[in-house]
Structure formats: C-alpha cells, structure tokens
Amino acid sequence: MTASAGALRCARGHSFDRARQGYVNLATGRAPHSGDTAEMVAARAEFLAAGHYDFITTALCEAARKAYPGGLIVDAGAGTGHHLAAVLDALPTAHGLALDASKPALRRAARSHPRAGAALCDTSGGRPPPADGAAGLVPDVSAPRNGAVSRRVLRPGAALLVVTPETDHLAELVSRLGLLRVDPDKAERVAASLDGFALAGEATLRRTLTLSDAEARTLVAMGPSAWHTARVTVPDGITVTASVKLAVYVDRSISSQPAGGS
Ligand SMILES: C[S@@+](CC[C@H](N)C(=O)[O-])C[C@H]1O[C@@H](n2cnc3c(N)ncnc32)[C@H](O)[C@@H]1O
C-alpha cells in the first residue's frame, strides 16, 4: 500500500480512509460486528491503567522477549493497545500493529505507542493485515482467534501468544453477581480453533485482586456482562481471583521439522 494524506491505497486502486484519530479503516463492506462499545473500552482503559492486570502484561512481555524472531507485532483484538504498547517497550526495535473491530478501542490504540499503528478490521475471518509472513508475533489477549489467519501472517519461526480466561477467572464476582461464566470447554475450543499450531509452552497466571466497589463495577463494565453493571454492588475490599492461561503456539509444520533440516 502507498500512503497519502488521508488514506492508504492498494495496488488495485482501492482506497482505505485514515481516521482523524490515527487508525486506518480496512473494513470492507458491512462489518460483521462492531467490537467493544465506547463504555466497555473506557472501563477497560481505566481498569488496565490501575495496574490490576499488570501480572498478565508482564508475563506476555517475557514470553514476547523469548519468542520474538523479528518482524511486525500484530495484536489481534488489541483493545486500547495497552498490552501491545508494553510489548513494544520490551522489544525496542520492533514495530506493532493493533487490529480491532471497535472504533472506540482503535482511537486509543492508535495513540498507545509511537511505534504502533492501528487498523479497523475483522480478525476472525477474511484477509486482515498484515501481508503473508510479515508478523513476528501475534499476541491475542482475550480476543477472538483465527488459526488460519494467524498462520498466514506469521513468518517462519514466529509465535502466537494466546491469553484466555481459566474457568475460575473472577469466580467470586461471577457467583455473587450472576455474571456469564467461562465456558468449561474453553480450553478445548481454543485448541480446536488453532488447527495447524503446536503448543510450545503454557503457564497459568493467577492473582488475588482486592477491589473497591467502584473497581468491581469497572471490571464488570469492560467484559461480556457489561449490561449488568448497574446491578453491581459489592463490599469495598472484596477479593477476586484473576486467573488466565498464557499459551505459546508455533506453526506445527515448522515445529515438527527436524532440527537442521532444510
Ligand atoms: C476482551 S477485549 C480484549 C482487548 C485487549 N486484547 C486487552 O486485553 O485489553 C476483546 C477485544 O476484541 C475485539 N474484537 C471482538 N471481536 C472482534 C473481531 N471479530 N475482529 C476484531 N476485533 C474484535 C473487541 O472490540 C475488543 O477490543
């Protein structure tokens, strides 16, 4: 693509608008869905800025440092760009691209780091960017996954870093407030959606969060039970378990090649 003042233009002459807020709109036709709402994104930005999920960001950066072979870092479902910005800080020569279907999220992601770009697109199908083999890492933190797309964009030796909630994630709030539960078959569904990848490593990350009533409301507001927020009241100082899995996947066809083979 070539860049002009307000747009990117592809070799076939299609033009993709660059929004005033800095992201490029690569959605073609009607978007299948619009991602997180402005309210959800604002709640996520507030909760992440308060540091409650720093243990996830730190582990993601550590995994990124170990796995990075060079190339673009493509955060699939990047939200506000919080995690991408931290990974870029951890990898000082890398450039990043935040992909998301939510305009309110991309307005923040586009400003999240000087070495990050941002693009509106559906990461769950079609042909989202970047070009084949251009990505060195694809972090996917609690966002939809598409194995075929990830395999296409990753270069040889590159890794997909997937963070998903464990079944006891936020269990205290889930049972107290009747929130949506993590599907007990989540791990199997994630593995099935990543056909063609081999698991190269995984770790369960768990923390006890101590939250005020307002923080608990913010946490609910950024997630799949956001519609529930008005009914949230919990005692200040409630302790809540945050529990996620960080898994590192590599392309199975490459990981199964004998060492030294051509
Ligand atoms: C739970 S949030 C996680 C955001 C970010 N990864 C983080 O951890 O802060 C999921 C994100 O995926 C985005 N999303 C959902 N479906 C999507 C799709 N089909 N294509 C692109 N983004 C999508 C949402 O808009 C939202 O920003």
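A disulfide here is a pair of cysteine sulfur atoms within 2.5 Å. By that definition, the search of the whole structure finds zero disulfides. C10 is in none, and the nearest cysteine sulfur, that of C121, is 15 Å away. C10 has 19% relative accessibility, so it counts as buried, where buried means under 20% relative accessible area with a 1.4 Å probe and protein chains only. C61, at 8% relative accessibility, also counts as buried.

A word on the source: this is a predicted model, where local features need pLDDT of at least 70, side-chain atom pairs count only at pLDDT 80 or more, and totals for chains, interfaces and linings use all residues. Residues are numbered from 1 along each chain as its sequence is written, and side-chain values use heavy atoms, with hydrogens and water left out.

Next, the polar contacts, meaning pairs of N or O atoms within 3.5 Å. At D36, a polar backbone atom is 2.8 Å from an oxygen atom of the ligand. For T123, a backbone N or O atom lies 2.9 Å from a ligand nitrogen atom. The protein covers 92% of the 590 Å² of accessible area that the ligand has on its own, by the Shrake-Rupley method with a 1.4 Å probe.

Methods
Polar contact = N/O pair within 3.5 Å; in protein donor to acceptor, adjacent residues only side chain to side chain. Buried < 20%, exposed > 50% of the residue type's maximum accessible area, 1.4 Å probe, protein only.
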